[in-house]
Amino acid sequence: MFKLFFIIIQLQAIVLTQDIDTLFDLANESYIKKNFLESSKTYELILKEGYHSTDLYMNLGNSYYFLEEFGNSRWSYEMGMKLSPFDKDLIYNYDKLIKSVTNVIEPPKNNLLDFIKIFLQSFSLNMFVFSTVCFFFIFSFLTFLYKILKVNFIKVLSYILLSLLVVNILLVFTKKVWDQNNKFVIVIKDETSIFSAPYLNNSIQSSTLYDGNKVKVNQETNLWLEISTFDGRKGWIRTEDIRNLD
Amino acid sequence: MVRIFIIYLLFSNIFSQELTSSVSSNEINLTESIIYTIKINDIEVNPEVNLEKLENSFSIIAGPNIGSEYRYVNGERSSSRSISWTLIPKKQGKLIIPPMEVKIGNDRLFTKEFEIQVSKQDIDKSTKDLILEVKIDKTDVVIGEQIVISYKFYTRIASKVISTEFPKYKNFWTEKLFDPTGTQINPESWEDVEIDGYNYKALKLYEVSIFPLEEGVFELDSMIMKVETKEKDPSFNRLFWNDPFFDTFSQYTSARILVSDPLTVKVSSLKNIPENFSGAVGSFNLTSSISDEKIEEGIPAIFTLKLNGSGNLKNISRPQVTFPEKIEVFEGETIIEKNISDKSSGSIQWKYNLIPRKSGNFKVGTISLPYYSPKFKKWSYALSNEVNFEVYESTLFDDKDKSLVDSSGSALKFIRMQPQKWIKIASNNYNKSILSLFILSFIFIILPFFKNTFKIMTNRILNSLDRKKSIKLAKKNIRNSKSILIDGPKIILRFFYLKKKIHSENFDITFIKDEAKKFLKNEDLIFLNDFLDKCKEQTFSNVNYDNGSDDLKIELIKFLERIDSYV
């Protein structure tokens, strides 16, 4: 009975993956025919189905680039770079896109910070927790073996594992704090106003952000985000004007 | 420009209104101003005056100035309000101030018409303390030709510039060459000059390049400048008051208005315009270059076309350039740089982003850019140099990628079409794995603390297994025995031992009988004793009693199966 159930689940997964592949092929066909609107919609459909890949983000970013939707294009490339931080083509296209963004504001380059950023952004918090639990499992198993077998080599190994476990726990906390303090969004509207308070009122409009700019989120409500830009401006923008990089 | 002036008065009732208007003078020259006054008696509502009709002939340099007058004659009170403006003529000749409509509540009153005779500016500079000079380098030009106009202020009395109204040049493209707005004017800014034997202080006010956009004859606006001066009061010109020490007492301050001479420019159209003319008028030369002479296939390079010279750089559109086939071209940025030393010359650079799609040697030929030379009054051509470059095969991308780039014609790097390894977004597998691993780890951690319990349990399990094993082993040994009467006691001893009823397998038959009393039923004990006695007899006799051994084996097996259920 269990075997039958397992087989059905496997079959369903295969059918679903085939559907996603078909969608991907359709989107690629539209792309080649330069029907970028159609291709972007189809790629988005795959994302909506809950699947993603570096290549999908690359193609989606390209489609949006040709549609001059630089915000969405940047979002796609950045999501792709989260999966493959060192993908040369993605980086090349991303750099090209950045040159097209109006009034783009980028933080200055810092190799060490960039490395830390890539390291922390490349793995989700779940992955960090998973690796910690793996270390904990190996450590506990080794401890158990030592209690039974009383072999010194196992004891040494378990101490090494304990150190790794502590480092990993610290990494989990670092990742958690990093995620909380480094939440970024991309502006996907041609122009969005920054307000000094979360109210739609022209008199408190302080400045403007353009499509494709990246801003840091300080706090958020359902309809508004408090953001700060890399040039030091602070204020509130509407959530409908941005796309989340989570 | 529409100027509506709303004047609020204190009261709202209308009694009776009488409107009079006047001008301070009917004959002035171009640099002089007049005061235009409208006076309304017994007005206590809000009047509105629209001076829009004046704008073609006059500039308003001050006003509206509002004055009130209250009179009591023989106990009767009367009041009047006057509004006045200071006007400067924009051109010479007979200028008209048309009847102006004055709205007072729902009533409409009209001023009378005035005729002002404006004569040319007095050119005898030597008699003047203040001069506003305008210089134009040419007045007969063609469309697009550069004209430089500069304004200079000369003074020989203490003066201070209060305000300046710079002219607006309609139908001309304007580039400021010198604009003092926002700069600090200090004593060093002034230069000493001598005009007709008089010493003046001179200050450059404004310099502008204008480029005509249309054919025709255009009258350029004058610059209007308001100056505050300190002059000597002639009434103090006696005795010791003439001493410089008492200058403070002998000077008075007055405001003066200076207007520059009007200018007329004749603009002719360009004739026999070449086919690929992009608007260049002046004197130019053209160069071209490429960012890298060896380019990798698919990697962008920048082709730059640079036009140097003097003329209407900002009015020149991007020239058409023919690039070799298999080179994708995207228009890049346009950079205009002005020469700091003369401000009339400079350069314009047009960038083209080239993406080669095929390897080989390529050439961008000479580019010809026609321009009109005002100096020689003829058409000339600026010719660029040839640019050669080599495109080598890409080492980064395979053929499939390249063909995709070709078909999409894009500047970005390729579409990717290979089969994907799809990743589930926000998968919960991690959570399950994390939980499972954590529980397992926890078990491993706490397990050593239950060592004794674990031992007991293990023993129990082992015992249970041994017990199950004892009957099987006994049956097997019985079947394999060649002499059951010799092997029987050992098999029974092992059976009881595995059943944990005795501590060792090495007891003798008597001991088994005694021990068996503790856990065997009577009938089974009788059978056991009988069997053991037979075995004992066999041990001490040379007679072989094993003739009915198969029956004995069966009986022994039955016995053991029977006692296995309760022992």
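Two strands count as paired if DSSP finds at least two bridges between them. Within this pairing, A:His52 stands opposite B:Ile423. Strands (E, at least two residues) and helices (H or I, at least four) are DSSP runs, numbered from the N terminus.

A word on what you are looking at: this is a predicted model, in which local features need pLDDT of at least 70, side-chain atom pairs count only at pLDDT 80 or more, and totals for chains, interfaces and linings use all residues. Residues are numbered from 1 along each chain as its sequence is written, while chains are lettered from A and ligands numbered from 1 in the order in which they are written.

Now step back to the whole contact between the chains. It takes 36 residues from chain A and 29 residues from chain B, where two residues are in contact if their C-beta atoms, placed from the backbone, lie within 7 Å. On the chain B side, the elements that give two or more residues are helix H2 (399-408), strand E32 (423-424) and helix H3 (429-446). H3(B) gives the most, with 9 residues. By class, this side of chain B has 19 nonpolar, 6 polar and 4 charged residues. Here Ala, Val, Leu, Ile, Met, Phe, Trp, Tyr, Cys and Pro count as nonpolar, Asp, Glu, Lys and Arg as charged, and the others, Gly among them, as polar.

Chain B also has a hairpin to visit. Strands E29 (residues 368-373) and E30 (residues 378-383) of chain B run antiparallel and are joined by 6 bridges. B:Leu369 stands opposite B:Ala382 in E30(B). The hairpin has 4 residues between its strands, and B:Lys377 takes a positive phi near 55°.

Next, find B:Leu263 in strand E22 (residues 263-268) of chain B. Leaving aside neighbours within four places in sequence, B:Leu263 is in contact with B:Val134, B:Ile136 and B:Leu220.

Our last stop is a pair of helices in chain B. B:Asp524, B:Phe527 and B:Phe531 in H7(B) meet B:Leu556, B:Phe559, B:Arg562 and B:Ile563 in H8(B). By class, this contact has 5 nonpolar, no polar and 2 charged residues.
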